[in-house]
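Let's walk through this model together, beginning with a metal site and ending with the spans that a record annotates.

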Amino acid sequence: MRVSPFIQILTGFIIWSAAFLLLYATQATGCHLGWHELDIGPVSVLRLLLTTIFVLVLALLGGLFWSARQVKDRSADTSETLTQIATTVHIAAIVSTLITFSGLFWLTLC
Amino acid sequence: MFHRPILASVAPLILASCSGDLSALDPAGPYAGAIADLWWIMLAGAMAILTLVIVLFGLVLFRPDFGRSLSAKGWMIAGGLFLPVPVLIALMTYGMAQGEYLIGAWQNEPVMARVEARGAMWRWDFRYPDIGADMSTTETLHIPAGGVVEVRVTSADVVHSFWIPRLAGKIDAVPGHETVLRIKADVPGRYAGICAEYCGAGHAGMRFTVEAHAPETYRQKLNALTAEVPAS
Ligand SMILES: [Cu+2]
């Protein structure tokens with residue numbers, strides 16, 4: 001499947017912001033419903049849920065990065081450059097995800 | 001508070017402008033102190049970065065050769081990634097750790113008193129479940145000094161924000177929801193409080209006073225105070 005490099009450039013951080021909203025909404029809902037007080041083993045249900053979302057988002061971004069690297073359109077120079085930018089943006093989105101959402105592993109949730 | 005001796009000797013004039021009833025830079029307890037420390041750390045960091053940039057700028061002007069050993073791309077990576085990213089990560093981690101301390105997650109200091117604060121357009125009502133279910137005051141919050149006071153904050157109408165700059169950070173007062181804030185005044189005295197979230201025409205006047213009493217007389221003061229008000 002051929003995706004426009006422009007869309008590839010945008011997707012990384014759109015996914016990051018969607019993940020931000022999703023994590024925030026899950027955290028608030030979980031706190032309201034008391035999921036932070038239900039434990040599964042050493043962690044609460046809420047933390048487990050947030051961690052799952054975190055891992056899924058990382059996997060999604062990783063997959064996109066991988067697929068962006070596969071697509072190499074050698075026919076046009078601009079497209080080549082844009083694909084390169086897209087992969088770099090994906091790396092930035094992955095690093096941002098790791099840094100900005102890492103608090104969910106150790107901060108008090110509610 | 002490591003900054004006090006340095007600043008008091010270096011810039012008494014600057015310090016003088018930082019005091020006042022609503023000054024977060026004039027902390028009167030450990031929670032406000034932690035926030036003021038963060039502020040000073042950020043100021044020092046900002047000054048260090050500004051100095052570095054000015055020195056680099058001066059070098060570019062007066063010694064155009066000095067930066068040649070690093071390529072243009074190298075400078076971009078050094079200045080755009082290696083400088084800001086560690087600084088931002090360190091600040092974020094420190095800020096989050098301080099947040100944990102402020103909400104009481106990392107301390108086992110006992111809570112000395114529990115009070116409730118309710119914002120309404122445009123005043124603050126306080127209740128004292130520790131002392132009596134029907135005990136309440138308006139516009140003045142009474143707390144014991146020298147101990148942790150847990151404030152349960154809520155709102156009767158719109159979102160307000162409960163803030164006593166010299167005692168703690170601010171916390172939102174949300175209708176239908178309770179948020180919890182810890183405050184502590186080291187010594188008895190009067191401290192000013194204010195609504196810190198714009199909430200309508202009367203927002204600017206939505207102030208209150210905190211009276212911190214010696215712990216021995218706290219209960220007595222409150223009882224005397226409510227006895228003065230004739231029962232309706
Ligand atoms: Cu208000």
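Four donors count as tetrahedral if all angles lie between 85 and 135 degrees, and donors are N, O and S atoms within 2.8 Å of the metal (3.2 Å for Na, K and Ca), with water not among the atoms, so sites may look incomplete. This is a predicted model, where local features need pLDDT of at least 70 and side-chain atom pairs count only at pLDDT 80 or more, while totals for chains, interfaces and linings use all residues. Residues are numbered from 1 along each chain as its sequence is written, chains are lettered from A and ligands numbered from 1 in the order in which they are written, and side-chain values use heavy atoms, without hydrogens and water.

Now look at the copper ion: its protein donors are His160(B) (ND1), Cys195(B) (SG), Cys199(B) (SG) and Met206(B) (SD), at 2.0 to 2.5 Å. The angles among these four donor atoms run from 96 to 124°, and the site is tetrahedral. Along the chain, the donors are spaced as H-x34-C-x3-C-x6-M. Buried means under 20% relative accessible area, exposed over 50%, partly exposed in between (1.4 Å probe, protein chains only). Cys195(B) is therefore buried at 3%, and so is Cys199(B) at 6%.

Over in chain A, a disulfide (a pair of cysteine sulfur atoms within 2.5 Å) links Cys31(A) and Cys110(A), with 1.9 Å from S to S. Cys31(A) sits in helix H1 (residues 5–33) and Cys110(A) in the segment after helix H3 (77–100), so the pair ties together parts 79 residues apart in sequence; helices here are DSSP runs (H or I, at least four residues), numbered from the N terminus.

Conventions: Tetrahedral: all angles 85-135°; square planar, octahedral: opposite > 155°, others 65-115°. Helix = DSSP H or I, 4+ residues; strand = E, 2+ residues; numbered from the N terminus.
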